[in-house]
Amino acid sequence: MTHQIKSLDEYKAAYQRSVDDPEAFWAEQAETFHWRKKWDKVLDWNFSEPNVNWFVNGKLNITENCLDRHLETRGDQVAILFEPNDPDADNITYTYKELHAEVCKVANAMKANGIEKGDRVCFYMPMVPELAIGVLACARIGAVHSVVFAGFSAQALADRIKDASCKAVICSDYNVRGAKNIPVKKVVDEALKMDTDSIELVLVHKNTGGDVDMSDSRAKWWHEEVDGQSTECEAEEMDSEDMLFILYTSGSTGKPKGVVHTCGGYMVYTAYSFKNVFQYEEGDIYWCTADIGWITGHSYIVYGPLLSGATTVMFEGVPTYPDAGRFWQVCEKLKVNQFYTAPTAIRALMAQGDQYVDKYDLSSIKVMGSVGEPINEEAWEWYYEKIGKKKAPIVDTWWQTETGGIMIGGLGEHSPMKPAHAGYPLPGIQPCLMDADGNELEGNDVEGLLCVKYPWPSILRTTYGDHERCRQTYFSAFKDLYFTGDGARRDKDGMYRIIGRVDDVINVSGHRMGTAEVENAINEHELVVESAVVGYPHDIKGQGIYAYIITAHPVDDEEAFRKELINVVKEEIGPIAKPDKIQIVSGLPKTRSGKIMRRILRKVASGDTSNLGDTSTLLNPGVVDEIKDNALVK
């Protein structure tokens with residue numbers, strides 16, 4: 001099994017080794033896995049193209065390492081522990097043996113329906129075990145999974161299906177979240193009307209048993225295709241650099257980016273980071289509250305835990321149903337040892353009051369994680385005192401869809417903690433801070449643009465179908481560096497604090513959204529001439545969305561107009577992207593070359609108008625006062 005660091009001194013030694021001889025360090029980690037054929041070379045790379053290959057010519061199948069290699073030693077141990085939306089419903093468990101059998105059955109059903117190695121399969125499903133099983137079944141046969149969060153709109157789903165030319169889409173009939181019953185299959189039907197000709201199969205899992213339209217000749221029931229299949233399926237031999245999955249993330253342009261991760265390096269890094277950050281021990285119950293539609297779910301609900309032989313909890317519900325004590329009730333009931341959630345959830349539950357926490361026994365919790373955005377000090381303190389009882393350490397993890405795994409964060413109880421600081425880089429990660437002119441900022445107590453000097457095994461390999469976009473986005477800002485798009489501060493102790501995005505990307509409840517993406521959706525409304533969207537500080541979500549709108553003519557009923565705009569955004573992207581504040585303006589502050597001065601709009605949205613800088617050189621300086629005077633700020 002993956003090597004586990006057990007003290008701060010051990011961390012320092014491992015980190016030094018990983019920087020002095022990265023190839024030897026990662027070869028040592030990779031040796032703990034089952035390879036069909038060992039690699040010829042550990043690493044071949046350059047950041048200029050970019051071209052990164054780990055464990056060159058190594059052959060493996062990641063599911064043999066998630067499942068088969070555990071069967072002898074922990075076949076009867078629970079692999080997936082499913083907590084349904086309904087708090088009164090029984091848990092459903094899959095042991096490693098049962099999970100292996102189910103994955104093989106679904107893999108055989110996929111093959112019987114013409115899915116082959118290299119085909120892309122889109123998932124649009126709720127947080128049910130079948131989603132994890134389906135993802136692993138794809139990996140078993142060498143098909144590439146592309147999971148789309150089941151809260152996205154039909155348009156957003158169609159865009160992702162088209163971009164990856166998916167051959168199949170796998171969905172549920174309905175999705176239950178809290179008191180809501182969401183018609184998932186209906187959204188898929190809408191998406192399939194939008195020029196998604198590559199789809200040959202629609203596999204529908206009967207989740208609620210509600211009525212659905214199955215008239216499309218491509219639609220088949222999951223249970224009818226899977227029942228009766230063999231519980232054995234030979235795992236496809238994959239090259240270390242064969243594609244494992246595509247996961248779409250928002251960029252600063254409107255078109256979502258398909259981030260590509262490959263088999264070998266991703267396997268080695270997710271297992272190593274999981275084992276060390278959460279200090280998982282044999283027999284522990286680990287719960288990450290994320291959705292598999294995001295990278296956190298891929299790496300730290302499915303792959304990292306299963307590669308490590310862990311028991312991983314999958315939760316179908318929401319943190320506030322039936323009340324704001326739901327997370328803590330589950331922690332008590334399942335005796336959760338490691339708990340990993342987002343600052344948004346923590347802030348929302350903190351606002352509901354301590355009475356929802358105090359009635360539950362949380363003494364089983366050994367490590368608490370935070371993910372998705374920087375956690376503010378107030379939420380950190382509440383989390384530490386109320387949930388961790390000042391005993392369980394907080395690991396505040398910084399990473400991205402593109403990094404595949406946690407890059408900066410604590411290692412359980414073996415690292416110093418500082419509220420709102422992610423901490424130190426994991427072994428193998430070589431961060432640096434750059435100024436805008438491309439000079440590295442040495443030493444401590446400095447602030448700059450966060451980059452990484454050297455590849456790590458789970459770095460993204462490309463953006464699907466558009467390698468130039470990958471180069472431009474991540475590798476063109478600074479020579480021979482991966483640019484994260486985040487600003488950061490390294491304090492006097494060398495600990496990193498992430499300040500946030502420096503490009504036009506907003507982080508709403510831990511979900512990254514490009515401003516251009518939201519603007520494109522808003523501009524679909526017939527009355528909208530132009531829009532500009534910025535993020536602003538939001539008590540619960542971290543960042544809210546503030547939209548400035550120019551309309552073709554004055555609006556009679558502003559309230560109705562706002563509702564229409566929100567509906568347009570919901571349809572184009574999904575509820576997650578709806579603007580919190582919509583201000584109708586006569587113009588936008590622009591430079592003489594026509595560039596919108598978002599810096600000014602961000603300051604107005606955040607209520608900080610004391611120093612807007614020199615606006616006299618703007619094309620239309622007068623509009624700034626108008627925007628400021630009518631700002632929707634408390």
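The model is predicted, and local features are taken at pLDDT of at least 70, side-chain atom pairs at pLDDT 80 or more, while totals for chains, interfaces and linings use all residues. Residue numbers start from 1 along each chain as its sequence is written, and side-chain values use heavy atoms, without hydrogens and water.

One runs from Glu49 to Pro50, with omega near -10 degrees, and Pro50 sits in the loop between β1 (41-46) and β2 (51-56). Helices (H or I, at least four residues) and strands (E, at least two) are DSSP runs numbered from the N terminus. Another cis bond joins Tyr321 to Pro322, with omega near 0 degrees; Pro322 belongs to the loop between β17 (311-315) and α12 (326-334).

Positive phi values come next. Gln279, a residue other than glycine, has phi near 50 degrees and lies in the loop between α10 (263-277) and β16 (285-288). Gln279 counts as buried because its relative accessibility is 7%, where buried means under 20% relative accessible area, exposed over 50%, and partly exposed in between (1.4 Å probe, protein chains only). Ala420, also not a glycine, has a positive phi of about 70 degrees. This residue is in the loop between β20 (394-396) and β21 (431-434), and Ala420 counts as buried at 4% relative accessibility.

What is the relative accessible area of Asp556? The value is 83%, so Asp556 is exposed. Asp556 is located in the loop between β29 (542-551) and α18 (558-572).
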